[in-house]
Structures are given as C-alpha cells and as structure tokens.
Amino acid sequence: YRLATHLGLAFVILGFLAWYVMQLSRSEADLLQARRAGERRLFGLGTGLMHFAFLQILLGALVAGIDAGRSFPTWPLMGDSFFPADAFYVPGGSTWQAFFENPGLVQFMHRMAGYLLFAFAIMAWVRGRKSAHRATAGAFGAMMAMMTLQMGLGIVTVINAAPLGLGLAHQLGAVALWVLILRARHHAAYPVAQSIRGA
C-alpha cells in the first residue's frame with residue numbers, strides 16, 4: 001500500500017511537471033490563440049486515457065509490491081486457466097483484501113486493465129489521427145506506439161517471471177507512456193497552428 005501511494009504521488013508530481021513544461025514551452029499569446037482551436041472531444045479522450053493509465057500504474061505498483069509478476073509466468077492464460085486458482089484466498093485475511101494482496105488476483109486485474117487500456121488507447125488514437133493538426137495526430141501516434149511497446153514489454157516481463165531488468169524496463173516504459181499521454185492531451189487542448197494540414 002505504501003509503495004502504491006508513493007508511486008502514485010510520484011506520477012502525479014511528474015504529470016504536473018510535464019504539463020507545466022509543455023505550457024512554458026510556448027508563449028502565453030500562442031496558448032491563448034491555440035486554445036480557441038482546441039479539440040474538446042479529443043481532449044476528453046486524452047483525459048480519460050490519463051485517468052485510466054494512472055489506475056493501471058497503481059495496479060502495477062501492487063503487482064510489484066507483492067511480487068505478483070512471478071506468480072503466473074504464462075500468457076495469455078494464468079497457469080492452465082483464464083482466471084487464477086485461489087484468487088480470493090489471503091492467509092488470515094478477508095475476501096476484500098484479496099483484491100490487493102492475493103498475487104494471482106492482483107496480476108489478473110493488472111492484465112485485464114491493461115487489455116482495456118490498450119483498447120481505449122486504440123479508440124483515442126483512431127480519433128486523434130483524424131485531427132486536422134499534424135502535431136496532434138503525431139502526438140497520439142507516438143502515444144499509441146509507446147502503448148503497444150509497453151504492453152508487449154509487460155507480456156515479456158510476465159512470461160520471464162519478472163526479472164529485475166525487465167521489471168525496471170516496464171516501469172520506465174510506464175513513465176514514458178505517462179508523459180506521452182499528457183503530451184497528446186496537451187496537443188488536443190492547445191493545437192500547434194503551424195501544423196494544420198493544407199496550411
């Protein structure tokens with residue numbers, strides 16, 4: 001729980017820092033003008049993706065905190081089944097604690113959230129690539145590329161029973177993905193005028 005809280009706060013701080021760096025990289029006048037051309041629906045998708053990714057990061061912290069990544073080194077199944085055996089068992093604990101402390105159930109939730117996040121990212125990317133602004137479309141493309149790499153890295157990590165090197169790479173991938181999601185969201189809110197197609 002302490003690890004998840006600590007990591008969550010770190011990503012919140014990183015998120016604010018990244019957002020303000022993006023804001024400071026452009027003049028106030030430019031941002032005010034760009035805001036008028038902002039794509040609200042795309043910004044909403046970016047916001048939803050940001051929140052969903054943050055939830056997945058917290059689930060990843062739980063996986064790391066109890067070494068759940070080493071419990072079921074198989075994919076796409078968990079052992080011989082889709083749902084892990086004894087998923088709701090916690091020695092001396094209650095059923096609700098299993099959602100945070102049972103390695104099989106925690107890894108299952110991280111996997112399922114990963115699949116849903118990937119599907120949501122595809123939806124955002126499809127919408128983003130239709131943007132009239134090249135920089136915005138490119139930002140969503142970069143996000144989707146990193147999302148695909150991060151998912152593949154997660155699968156490789158779990159198949160290899162989460163060795164330290166792969167585990168660290170997966171965590172660094174989460175940092176890169178988080179920043180790229182924020183970047184795509186920022187481009188949706190403040191499109192770069194010079195990148196309008198046909199201009």
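Phe 88 is partly exposed because its relative accessible area is 41%, where buried means under 20%, exposed over 50% and partly exposed in between, computed with a 1.4 Å probe and protein chains only. The structure is a predicted model, in which local features need pLDDT of at least 70 and side-chain atom pairs count only at pLDDT 80 or more, while totals for chains, interfaces and linings use all residues. Residues are numbered from 1 along each chain as its sequence is written, and side-chain values use heavy atoms, with hydrogens and water left out.

The aromatic side chains come next. The structure holds nine aromatic pairs; rings of Phe, Tyr and Trp (its six-membered ring) pair if their centres lie within 6.5 Å, and planes under 30 degrees apart count as stacked, over 60 as edge-to-face and the rest as tilted. One of these pairs is tilted: Phe 54 and Trp 178, at 6.0 Å centre to centre with 40° between the planes. This pair links distant parts of the chain, with Phe 54 in helix α3 (residues 40-65) and Trp 178 in helix α7 (residues 164-189), 124 residues apart. Helices here are DSSP runs (H or I, at least four residues), numbered from the N terminus. Trp 178 counts as buried because its relative accessible area is 5%, whereas Phe 54 counts as partly exposed at 22%.

Phe 88 and Phe 99 form an edge-to-face pair, 5.7 Å centre to centre and with 65° between the planes. This pair also links distant parts of the chain: Phe 88 is in the loop between α3 and α4 (98-101), and Phe 99 is in helix α4, eleven residues apart. With a relative accessible area of 34%, Phe 99 is partly exposed. Both residues belong to a cluster in which ring pairs link Phe 82, Phe 83, Phe 88, Phe 99 and Phe 108.

Charged side chains complete the picture. A search of the whole structure finds one salt bridge, defined as a side-chain nitrogen of Lys or Arg within 4 Å of a carboxyl oxygen of Asp or Glu. The partners are Arg 26 and Asp 30, whose closest N and O atoms are 3.0 Å apart. Arg 26 is buried, as its relative accessible area is 16%, and Asp 30 is partly exposed at 26%.

Arg 41, Arg 127, Arg 129 and Lys 130 form a positive surface patch. Patches are made of residues with over 30% relative accessible area and no salt bridge, like charges being joined within 9 Å and nonpolar side chains (Val, Leu, Ile, Met, Phe, Trp, Tyr) within 5 Å. Lys 130 lies in the loop between α5 (103-128) and α6 (134-159), and counts as exposed because its relative accessibility is 62%.

Methods
Areas by Shrake-Rupley, 256 points an atom, 1.4 Å probe, with all protein chains shown as cover. Lys, Arg positive; Asp, Glu negative; His and termini not counted. Charge placed at Lys NZ, Arg CZ, Asp CG, Glu CD. Helix = DSSP H or I, 4+ residues; strand = E, 2+ residues; numbered from the N terminus.
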